[in-house]
Amino acid sequence: MFGIELTELLLFGKQVGIALAGAAALWGFVFSRKDFHCSTEKPCVIYDWIAVQLLPLFVSGVGIGSLSYFGLLVTLPASAHEGISYVPTNPEVVRSFEILTPLFLLLLVATVIILFAPGKKSNTFAESITYFYVGTFLISFFISSFPGWREAFDSQQIFYIGHGFHSIFTLGSVIVLDYLFLLSKRAHILKEHIFAVFPTISAAVWFGLAFDFASALFIIGGFAPTTKMLFMQTVIGILIINGVLLSGPLVRKMLAAIKPDGDGLSKTWETIAGLAGVISITSWTTITFVDSFEHLSLSYLEYVGLYLAFIILAYAGHKVVEWYQHRKQAPEFVHN
Amino acid sequence: MTEDNITVDLTFFEKALIISGLLFFVNVIYVSFGGGFLFNYIAKAVYLLGIVLLSVELIND
């Protein structure tokens, strides 16, 4: 349907899942590391708590990525064929299985161990999760770096690597950012801790996109003026401008609002921040999705219409989660 | 509650990125009228310049 093939859908699922798992592990590690610097103070408990709260997001990513990968293992070897494209060909994807299967098994074993680990509220768990996150981030990084294997580190392989792992810093990180924004709704003290990390996450997103642009230098001259390409260029323009407003003026406003002498975010700013976050996630997901399917048969207007429809749907979902977070009980150590 | 007036003060790196984003739109129009990907390369170059400015900003902080 619309030129979508099962193999491409599974590759998309693998990419999104591992980007999410990798980003949750990366930022979980950053939050959990903070307690090493202030182990006896109250805020450290909050940073540990935030790090543990990223675990469901990590598990969702591992679940989506692993299911898609094992789906590929079952279906792809039978349908492998040569293709000419700047996305990995099926034989290249099949060759990457030798590298990826042990990594996926390692990722699953680590996830199962952490899920069944006893004493999730203890200090030992909070400390061990730091090592868990750094380990799983590295595994996710290698998995996303090898969407295909050309048996040599030529320019196209380097493009695959840059074009692969940037998703952890871009798509995955913007999902984590929005998730944290929603999580912060539970209490003012959570906003103080979470908003303080937003500039760092934003910088990681900007560097992630720079890696992708830099990796495209290895396939320079490989662009074709297709409708799909033009639509993707439009979305890149939108996500850059939206990203500047989100990571610049909006984050500065949020940081000013949570200062002791600040007077909170007004409804208008809350709405703008939520909308900017949704546009960011939708744009990154759209680019990853459209990039994953070589034979999409949509007109420019159809692409734009679907993109706008997804933004509206995602914003509705965002509002539902926001409502849920407002109702959710804040943890005992959090004072409002 | 804070006042709702929205002012947008941008740093140098943010201005560079806004220009880069706008150049992607220019590229779409240019390619649609039969041009090449010239503005795509310029947009990416401006973006990378913005990242250099961001790095300087981060180092100074």
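Of the contacts in chain A with a separation of 6 or more, what share comes from residues 24 or more positions apart? It is 82%, where contact means heavy atoms within 4.5 Å. Before you go on, note that this is a predicted model, in which local features need pLDDT of at least 70 and side-chain atom pairs count only at pLDDT 80 or more, while totals for chains, interfaces and linings use all residues. Residues are numbered from 1 along each chain as its sequence is written, chains are lettered from A and ligands numbered from 1 in the order in which they are written, and side-chain values use heavy atoms, with hydrogens and water left out.

**Stop 1: chain A.** Show chain A as a cartoon and you'll find 11 helices and zero strands. Helices here are DSSP runs of H or I with at least four residues, strands are E runs of at least two, and both are numbered from the N terminus. Of the 336 residues in chain A, 56% are buried; that word means under 20% relative accessible area, with exposed being over 50% and partly exposed in between (1.4 Å probe, protein chains only).

**Stop 2: A:Ser32.** Now pick A:Ser32, in helix α1 (residues 6-37) of chain A. Its relative accessible area is 0%, so it counts as buried. Leaving aside residues up to four places away in sequence, A:Ser32 touches A:Asp48, A:Ala51, A:Ile129, A:Thr130 and A:Tyr133. Look also for the backbone oxygen of A:Phe29, 3.0 Å from a polar atom of the A:Ser32 side chain.

**Stop 3: the core.** Next, select A:Ile50, A:Phe58, A:Leu180, A:Phe198, A:Trp206, A:Ile240 and B:Tyr47. Within the largest nonpolar core, which has 111 residues, these touch the most other members. Such a core is a set of buried Ala, Val, Leu, Ile, Met, Phe, Trp, Tyr and Cys residues joined through side-chain atoms within 4.5 Å. Zoom in on A:Ile240: beyond residues up to four places away in sequence, A:Ile240 touches A:Trp206, A:Leu209, B:Leu17, B:Ser20, B:Gly21, B:Phe24 and B:Tyr47.

**Stop 4: helix α1 of chain B.** Select residues 12-32 of chain B. At 1.5 Å a residue, these 21 residues should span 30 Å, and the end C-alpha atoms are 31 Å apart, which agrees; the expected span is 1.5 Å times one less than the number of residues. Among the buried residues of this helix are B:Phe13, B:Glu14, B:Leu17 and B:Asn27. What covers them? The cover includes α8 (198-216), α9 (227-257) and α11 (300-327) of chain A, together with α2 (38-60) of chain B. Just after α1(B), find B:Gly34, with a positive phi of about 95°.

**Stop 5: where the chains meet.** Show both chains: 34 residues of chain B are in contact with 36 residues of chain A. Between them they bury about 2900 Å², 74% of it on carbon and sulfur atoms. That area is the accessible area (1.4 Å probe) that two parts lose on being put together, summed over both. Across this interface there is one salt bridge, meaning a side-chain nitrogen of Lys or Arg within 4 Å of a carboxyl oxygen of Asp or Glu. Select B:Glu14 and A:Arg252 to see a salt bridge with its closest N and O atoms 3.0 Å apart.

**Last stop: B:Leu58.** Finish in helix α2 of chain B, at B:Leu58. With a relative accessible area of 43%, B:Leu58 is partly exposed. Not counting residues up to four places away in sequence, B:Leu58 touches A:Ala203 and A:Phe207.

Conventions: A polar contact is a pair of N or O atoms within 3.5 Å; within protein, one must be able to donate a hydrogen and the other to accept it, and residues adjacent in sequence count only if both atoms are side-chain atoms.
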